[in-house]
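Visitor: I have not looked at this structure before. Could you show me how to read it, one feature at a time?

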Amino acid sequence: FSVIIDGAGGVWTVGANNRGQLGRNSDANVLKKVVIGTPDNKAVAVAAGSDHTVVLDEQGRVWTAGGNLYGQLGVKAGANGMLSSQPYFTQVTDGIGDTKIVAIAAGYYSTVLLDENGKVWTAGSNLRGQLGRPENAGSTAGTNGEAPANPTFAQVTGDIADVKAVGIASGMYHLVVLDENGRVWTAGQNVFGMTGRTFSGNYDATLAQAAVGKDNAKIKAVYAEQYSTFLLDDSGKVWAAGCNNYAELGLPKSYGSVKKFTNVTDGLDGAMIAAVVPGQSHITLIGVDGNAYSAGMNTRGQLGRTTDDQIVYGLTKITEGVDGVRFIDGAAGGQHTLLKDSSGNLWSVGNNDYKQLARDENKDTQNANSTFGKITAEINSDYSLDDLKDRQVSGDTTVTIYFKERAKIKVNYVLGGGEWIDGYTAPDFYYDGDSFTPPTADKLTKKGYLLTDWSSVTNNGVVTYYANWELRTYTVK
């Protein structure tokens, strides 16, 4: 499934909805806008797990929808229940209260929050210590061996307690945290080496610092997927660790597991990377020049390349169907990729069996869509004229200005014996929202009197103005 924020902060969803992760009950194969609390609430970030969705609004509040078997929604209702699902977005307060959140991430069955003070909060499954705290770490329960739920958010523990975090990411069974000094902290499963650390056992529920290269490169952004972790340093290089069975780390061949963070951008001839878009078993990197590079599993065309190879080794620039397009950001799922260009257009490629591409090509099938195409479904956003004046729109955007008739305010006059001058007709209404000034003294007359001002009374939407006269007197000598 796919989750999209439009330019006005509206949230749109499409695709699989087996647990209500789209935040609605109907028309799952249609890209539709969903309500996040109130119709005018604006989102600033979205994150998607295996079967749940997390939204951050502009006030720093968190909203979740979808599956809650492991407490990943951060609410107790339905946790550890096989029918646990919540098809409408609900504000999360358990554990965090009214704490203002500035960033969100979603693991497969967990949710991670970063607050304005640099503290990290987690909820959901902790089967492999991916919450970075001890509650139910490594525990299983129930007939299917599922992990106990941790439905209440709590802060992570360990050596990071006095460190200010500025970035978060979550894979299936691991957690990644970036601090203000560019250092990386990891916890969770390490079977493929995705924590970039060495420790005894298959997992560690305590966050600890991981080394990045021999000089411990300074990192500015962190990303995670199922069994992989990606780091973007301040020089535009990307470092990766974890599973590489399908060349999903972007390395030129399959290395199985990569257990130390390794530079994967050496072969890009000096290209500087601006954003990393990890999928379940594939990777897309976006350069500062707007070019995109992909590698890994390509069974459904998720790399944006028309090749018969099921696995593509080594990062190569995507060229087909995107000539002249400058990409700036993106997101990816199990077998599909979404990229955003500099004009605000969305492009999608890969599997479309649940119409998660928001395109009609090969919908409801697992056939490959191996060339990027613009999302054709309409995303309509409402702006005031003041908003529109400073908003950049692309050449493919249609701007429709709607006019509505303003209410007329009826005006009556009580002239108190006066009369209008010949040829003058006083206005009998004005439009709601406009200012109105009653006629000046030169527009009416009363023998022996001078108009000083008007008084008014409003009743049932009608304004009645009363003329106030002053007797004119003269002294004769």
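Guide: We start with contacts: two residues are in contact when they have heavy atoms within 4.5 Å. In this predicted model, residues 24 or more positions apart account for 48% of the contacts in the protein chain with a separation of 6 or more.

Visitor: How many helices and strands are there in the protein chain?

Guide: The protein chain has one helix and 33 strands.

Visitor: What radius of gyration does the protein chain have, and what would a compact globule of 477 residues have?

Guide: For a compact globule of 477 residues the radius would be near 23 Å, whereas the protein chain has 31 Å. Along the principal axes, its C-alpha atoms fill a box of roughly 115 × 50 × 45 Å.

Visitor: What share of the residues is buried?

Guide: A residue is called buried at under 20% relative accessible area. Of the 477 residues in the protein chain, 50% are buried. The protein chain exposes about 22,800 Å², and carbon and sulfur atoms supply 45% of that area.

Visitor: Which residues is S348 in contact with, leaving aside its neighbours within four places in sequence?

Guide: They are T337, L338, L357, R359, T371, F372, G373 and I375.

Visitor: How many positive and negative charges does the protein chain have, and how far apart are their mean positions?

Guide: There are 41 positive and 50 negative charges, and their mean positions are 2 Å apart.

Technical notes: Residues are numbered from 1 along each chain as its sequence is written. This is a predicted model: local features need pLDDT of at least 70, side-chain atom pairs count only at pLDDT 80 or more; totals for chains, interfaces and linings use all residues. Side-chain values use heavy atoms; hydrogens and water are left out. Helices (H or I, at least four residues) and strands (E, at least two) are DSSP runs, numbered from the N terminus. The radius of gyration is taken over C-alpha atoms; the globule rule is 2.2 Å times the number of residues to the power 0.38. Buried means under 20% relative accessible area, exposed over 50%, partly exposed in between (1.4 Å probe, protein chains only). Accessible areas come from the Shrake-Rupley method with a 1.4 Å probe; for residues, only the protein chains shown count as cover. Lys and Arg count as positive and Asp and Glu as negative; His and the chain ends are not counted. The place of a charge is taken as NZ of Lys, CZ of Arg, CG of Asp or CD of Glu.
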